Amino acid sequence: MIRLTSSVAVTFAAMLTPPLSGQQWSQASSGPRPSARFGTVMTMAPAGDAVVLVGGGPSPFNPLGETWEFDGAAWTRLTGVTTPRRLSHAMATDTDRGRIVLFGGIGPSLEWRDDTYEWDGTAWMLRQSTRQPPALAFHAMAYDRARKVTVLYGGNRSALPSATDQTWEWDGSDWTRVVTSRNPGRLREMLLAYSPAMGGVVLHGGQGSGTGAPQPNATWRFDGRDWVELSLSSPGRPVIATRMVEDRDTGGLLFFGGFADFVGSPDETWRLDPVRGWERYRPPMSPSPRGDLTAAWLPGVGMVVFGGGLVPAPPNNETWVFGGDGASVATFGTACAGAAGLPLLTPESGSVPSLGAVFTMRADGLGPAVRAASMILAATAADPPVGLGAFGLPGCRAFAPLAAGSVWLPVVAAAGTARWDLPVPIDPALAGAALFEQAVAVDSGAPHPTKLSLSNAAVLRIGS
């Protein structure tokens, strides 16, 4: 019997497929909470134990200087903290330095700001730099964990509809403008989030520059060198005035609501899968239609959404969570070819990793000479994936640790298939726990010097 480890925050790198079981919406926090407000922004706390909400205002002309935290159960206003008064600013969480980065926004005198603040969990600090983006509002930022920089794109330079097409990066000391050969165009209120599965920061939607400018229904990726428009099998829909987050449970990117076609706001939940494109979730219950909302990912809880409303009605101060601790499996990554092509790791049909169940994974497409295979189990992922070219496996990658921190489970393979039965103990403490898997086999026909083949990878989450 395999004893699974405690729950860990799951990070993905490479192609993913949707989980077997979906997430659900639930309304949270009926106690004290932030007031209804326009232009507020939220991101994950540096420690990953809460989301942090900053600024916004009861009207577009009165930004508040407030910092709030939501831990998945209750809101807490942080007193004794001097918070910059802002609305329509942008924030991102630098998980490597343990800082939240805030740039720009509209200040208390309705001025567009070009300053940078950082939050260390205790205080806001004004950061000085030799360079910085122009004064901006309605821009977007995301932290690229692979390159360890905060990426900023677009935004309005004044109250007039004058959006930019500039890309900037903050490394913790200074801002650098990145000049690219292509970009998504002059945009404001676009969606921006980091995706290790897609190899960079992903941008979707937005509002073009100028009065009456169109809302493009396009998705782009920035890898640190250039922007590339992605050709997706399903394009999603045009959207502005919401937030896109990395779903670390399923590996996709999520957003809810937002304004479509300038005024409409469907009560729709969307997920971006790198292979299948944009897919709409249809849970039995959702928040009401709304735009001008904010959202952030909270590990162990899900996507937290705060506020929003419909023009011309005032905003609300509701808190919703899209998540759940149900059993799920998501496969991701590209396999390393053997004699029969690419080995494919999938869950056995109908098998679900719940407490007390025997969960079965299978690897198909193994070479005809393969007589045994091993399953690599680990509680953490290689983020970014480890290239194996130096080990005689050019173009191949490991998505879970191959040595320290992993367990190898050998099984017999037959007719190109290997199966692993994983008994899940009946232990309530394991509910929500996550585990990474990747299969490896010695294959005499593999087109690599080391004669190994590796499957794609999977992550399973234990359900109660």
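The questions and answers below proceed from the whole chain to its sheets, aromatic rings and disulfide.

Guide: This is a predicted model, in which local features need pLDDT of at least 70 and side-chain atom pairs count only at pLDDT 80 or more, while totals for chains, interfaces and linings use all residues. Residues are numbered from 1 along each chain as its sequence is written, and side-chain values use heavy atoms, with hydrogens and water left out.

Visitor: How many helices and how many strands are in the protein chain?

Guide: Helices (H or I, at least four residues) and strands (E, at least two) are DSSP runs, numbered from the N terminus. By that assignment, the protein chain has zero helices and 36 strands.

Visitor: What radius of gyration does the protein chain have?

Guide: The C-alpha trace spans about 70 × 50 × 40 Å along its principal axes. The radius of gyration is taken over C-alpha atoms, and the globule rule is 2.2 Å times the number of residues to the power 0.38. For 464 residues a compact globule would have a value near 23 Å, and the protein chain agrees with this, at 23 Å.

Visitor: What percentage of the residues in the protein chain is buried?

Guide: Buried means under 20% relative accessible area, exposed over 50%, and partly exposed in between (1.4 Å probe, protein chains only). With contact meaning heavy atoms within 4.5 Å, 59% of the contacts between residues at least 6 apart in sequence join residues at least 24 apart. Of the 464 residues, the buried share is 58%.

Visitor: Is strand 6 mostly covered or uncovered?

Guide: Ala 90, Ala 92 and Asp 94 point one way from strand 6, Met 91 and Thr 93 point the other way, and all are buried. With five of its five residues buried, strand 6 (residues 90-94) is mostly covered.

Visitor: Which residue takes a positive phi in the hairpin of strand 6 and strand 7?

Guide: Two strands pair if DSSP finds at least two bridges between them; strand 6 and strand 7 (residues 99-103) have five, in the antiparallel sense. Among the bridge partners are Ala 90 and Phe 103. The hairpin has four residues between the strands, and the residue with a positive phi, near 70°, is Gly 98.

Visitor: What is the bridge partner of Phe 222 in strand 19?

Guide: Strand 16 (residues 200-204) is joined to strand 18 by four antiparallel bridges, with Val 201 opposite Phe 222. Strand 18 (residues 219-222) in turn runs antiparallel to strand 19, with three bridges; Arg 221 stands opposite Val 228 there. In strand 19, the bridge partner of Phe 222 is Trp 227.

Visitor: Which residue takes a positive phi in the hairpin of strand 18 and strand 19?

Guide: Four residues lie between the two strands of this hairpin. The phi value in question is near 100°, and the residue is Gly 224.

Visitor: How many residues apart in sequence are the parts tied together by Trp 25 and Trp 320?

Guide: Rings of Phe, Tyr and Trp (its six-membered ring) pair if their centres lie within 6.5 Å; planes under 30 degrees apart count as stacked, over 60 as edge-to-face and the rest as tilted. The structure holds 15 aromatic pairs, one of them formed by Trp 25 and Trp 320, edge-to-face at 6.5 Å centre to centre and 80° between the planes. Because Trp 25 lies in strand 1 (residues 24-28) and Trp 320 in strand 26 (residues 319-323), the separation of the parts they tie together is 295 residues.

Visitor: Which residues do ring pairs link into a cluster with Trp 25?

Guide: Both Trp 25 and Trp 320 are buried. Ring pairs link Trp 25 into a cluster with Phe 256, Tyr 281, Trp 320 and Phe 322.

Visitor: Which parts does the disulfide of Cys 336 and Cys 396 tie together?

Guide: A disulfide is a pair of cysteine sulfur atoms within 2.5 Å; here the sulfur atoms are 1.8 Å apart. Cys 336 is buried at a relative accessible area of 3%, and Cys 396 is buried at 6%. The pair ties together parts 60 residues apart in sequence, because Cys 336 lies in the loop between strand 27 (328-332) and strand 28 (344-347), and Cys 396 in the loop between strand 31 (386-387) and strand 32 (397-398).
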